[in-house]
Every structure is written in C-alpha cells, then in structure tokens.
Amino acid sequence: FPRIVRDLAKNLNKKVTLDLFGEETELDKSVIEELLDPLVHMIRNSIDHGIEIPDLRKQRGKSEEGKITLSASHEGSMIKIQVLLRFRLQY
C-alpha cells in the first residue's frame, strides 16, 4: 500500500501520507486475496477524489498534505478494516 500511495500521489501532484495500524492482525490468505482489490480501489479513490492538490488544500485552510489511515483490528470473531481520510485545518 505505501508504494501505491506514493506513486499515485506523485502522478496526481498531491502530498499524501499513509498511516498503517494493525499490521500484526492475522488474516487467512484467502481473505487477504479477496480484500486486496477493494482496498486498493478505496485507497486510490481516497487520493483521487478525497484529497485536493496542495494549493487548493492551503486555500481551504488545510495542511498541504492529506493523510490516509488504513487500520485492521479484531472485533470478537471478526476483523474490522478501516480506510480513513483525515485533515487538519490550519489557522
């Protein structure tokens, strides 16, 4: 995922960081294979449609860099996976 984020952000002239949480969360290989394409799609859409170019972000009072958080955790017998877009307003 870091490479996907880095390459796409560069191609779109955007500044994006990716925070990963829950890397130690264990999943069956078949589950990972099923989730890979949807996760890549969500991350790509987050960068493409959810994060503005640095100048526009600055005009809107945000930091120039957008942040995506990808996290995985156990919730009982289930796995919770989140893709979050975060921004901080600059005053």
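So, the hairpin of β2 and β3: there are 2 residues between the strands, and G76 takes a positive phi near 65 degrees. Strands here are DSSP runs of E, at least two residues, and helices are runs of H or I, at least four, all numbered from the N terminus. Quick caveat before I go on: this is a predicted model, where local features need pLDDT of at least 70, side-chain atom pairs count only at pLDDT 80 or more, and totals for chains, interfaces and linings use all residues. Residues are numbered from 1 along each chain as its sequence is written, and side-chain values use heavy atoms, with hydrogens and water left out.

Okay, the strands. Two of them pair if DSSP finds at least two bridges between them. β2, residues 65–75, and β3, residues 78–86, run antiparallel and are joined by 9 bridges. In that pairing, A72 stands opposite I81. β2 also pairs with β1, this time in the parallel sense, over 7 bridges. There, D19 has T69 as its bridge partner.

Now, keep A72 in mind and look at T25. Where is T25? In the loop between β1 (15–21) and α2 (29–50). A polar atom of the T25 side chain lies 3.0 Å from the backbone oxygen of A72. A polar contact, by the way, is a pair of N or O atoms within 3.5 Å; within protein, one must be able to donate a hydrogen and the other to accept it, and residues adjacent in sequence count only if both atoms are side-chain atoms. Leaving aside neighbours within four places in sequence, T25 is in contact (heavy atoms within 4.5 Å) with A72, S73, H74 and I79.

Is T25 buried or exposed? Buried means under 20% relative accessible area, exposed over 50%, and partly exposed in between, using a 1.4 Å probe and protein chains only. T25 has 16%, so T25 is buried.

How many does the structure hold? There are 9, each one a side-chain nitrogen of Lys or Arg within 4 Å of a carboxyl oxygen of Asp or Glu.

E52 is buried at 12%, and R57 is buried at 2%. E52 and R57 are also linked with R60 and K62 in a network of salt bridges.
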